[in-house]
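Open the model in your viewer and keep the selection tool at hand. Each stop below says what to select and what is there.

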Amino acid sequence: MSAFAEFLERTADDDRQFIGIDDLHKIPSTVCALANSSGGWIVAGAERDINDDITITGLNDDPEKYIPAEIPHEIHEFAEIAAIYVPTLEWYRKPIVLNGQVYRRVEGENVISGKWARSVMTADALEFSRDDCPVKNITLNDNDINEFTTKFSAISHDDFMRKCGVYSGKHITLAGALMFGELVNVRAVLSYSSGHAELERHNLWRAYSDILPRLTARLSGKCAAALREVFVNALLHADYNIDRHIDIAITSSPPKITITNPGTIRGTTRNYRLAKLFRLSGMSGGGMKPIYDYAPNFKLEQDMLNFRVNATITLEGLPAPILL
């Protein structure tokens, strides 16, 4: 097998853009689109048709000169081909603007982002999506707070509210409102052969205390730990300034769960007050390790069209592993 054939086999599941000799002018916009999205490869000097057949066209120019200098990249050279790897940029470096346009990748195609998409990326880069912002005209559910503090905390109610960031001064934070108010919609839908069942909760504590135990009740210890981390990660990494809906789709054949939350994939936790609250309570802590210990084929996918993240985990082959 040639080195190029090995490369094609190794990168088969990656986002790849094949650019022939006559289309090298497309390299700059594709580099920006990949960097603004989830990263991927540009294969310069080859074309792929609708049947996935690849034709080598070769190169008549140095592809390096088409790549914007501020975007990190790697070039792997083959006989008449250059494979350019573009990693996704860290959230605080997006969006990259090229000639006044912001490009991103949607289902393998470069698209020019509209004002809404640009504002989402800019707000994330400038950290406008912060969970310590004050929220007006919202009340917290005292029963939920009391249940939480009874279960997890030995400190007083007032000390807890201050220490965990539910309040900032006299104001309720977004983190506090999400956790104990009615500011978010977490909806689980189970589809199976004889119908479907639904469960919906309107704050993160109820989602954690009501929905999660039902999802994990009939799973093995390893599977339950992995699903718990997927669930908690979705709550902590969601961008609640884009949307306040977290959707959980469960199927029994095949047995799997997909959790969809708003936002873009980030290398750091987006909601640091929520993360502190979860950490102090012991509701999070394992990180991604339990997921990959249980499910090495766990999938985390970025939907750049709608700015949502899909996390899918395959469950054990139980006929009805979930009780809603």
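Start with the sheet: six strands form an open sheet of mixed pairing, in the order β13-β12-β14-β15-β17-β16. Helices (H or I, at least four residues) and strands (E, at least two) are DSSP runs, numbered from the N terminus. Two strands pair if DSSP finds at least two bridges between them. Select β13 (195-201) and β16 (299-303); these are the edge strands, each pairing on one side only. From one strand to the next, the twist averages 15°.

This is a predicted model: local features need pLDDT of at least 70 and side-chain atom pairs count only at pLDDT 80 or more, while totals for chains, interfaces and linings use all residues. Residues are numbered from 1 along each chain as its sequence is written, and side-chain values use heavy atoms, with hydrogens and water left out.

Next, select β15 (residues 255-262) and β17 (residues 308-314), which pair in the antiparallel sense over seven bridges. Isoleucine 257 has isoleucine 313 in β17 as its bridge partner.

Which residues touch the most other members of the largest nonpolar core? Of its 60 residues, they are Met179, Phe180, Ile248 and Ile313. α8 gives the most to this core, with 10 residues. A nonpolar core is a set of buried Ala, Val, Leu, Ile, Met, Phe, Trp, Tyr and Cys residues joined through side-chain atoms within 4.5 Å. Buried means under 20% relative accessible area, exposed over 50%, partly exposed in between (1.4 Å probe, protein chains only). A second, separate core of 18 residues includes Ile19, Cys32, Val86 and Leu89.

Move to helix α4 (residues 142-152), whose buried residues are Asp144, Ile145, Phe148 and Thr149. Seen down the axis of α4, these fall within an arc of 125° , so they line one face of the helix; the arc is that of the directions from the helix axis to the C-beta atoms. On the other side of α4, select Asn143, Thr150 and Lys151, which are exposed.

Finish at cysteine 133, in the loop between α3 (115-125) and α4. Cysteine 133 is partly exposed, with a relative accessible area of 32%.

Definitions and conventions:
Axes are lines fitted to C-alpha atoms, for helices over the stretch in contact, and angles run from 0 to 180 degrees between N-to-C directions.
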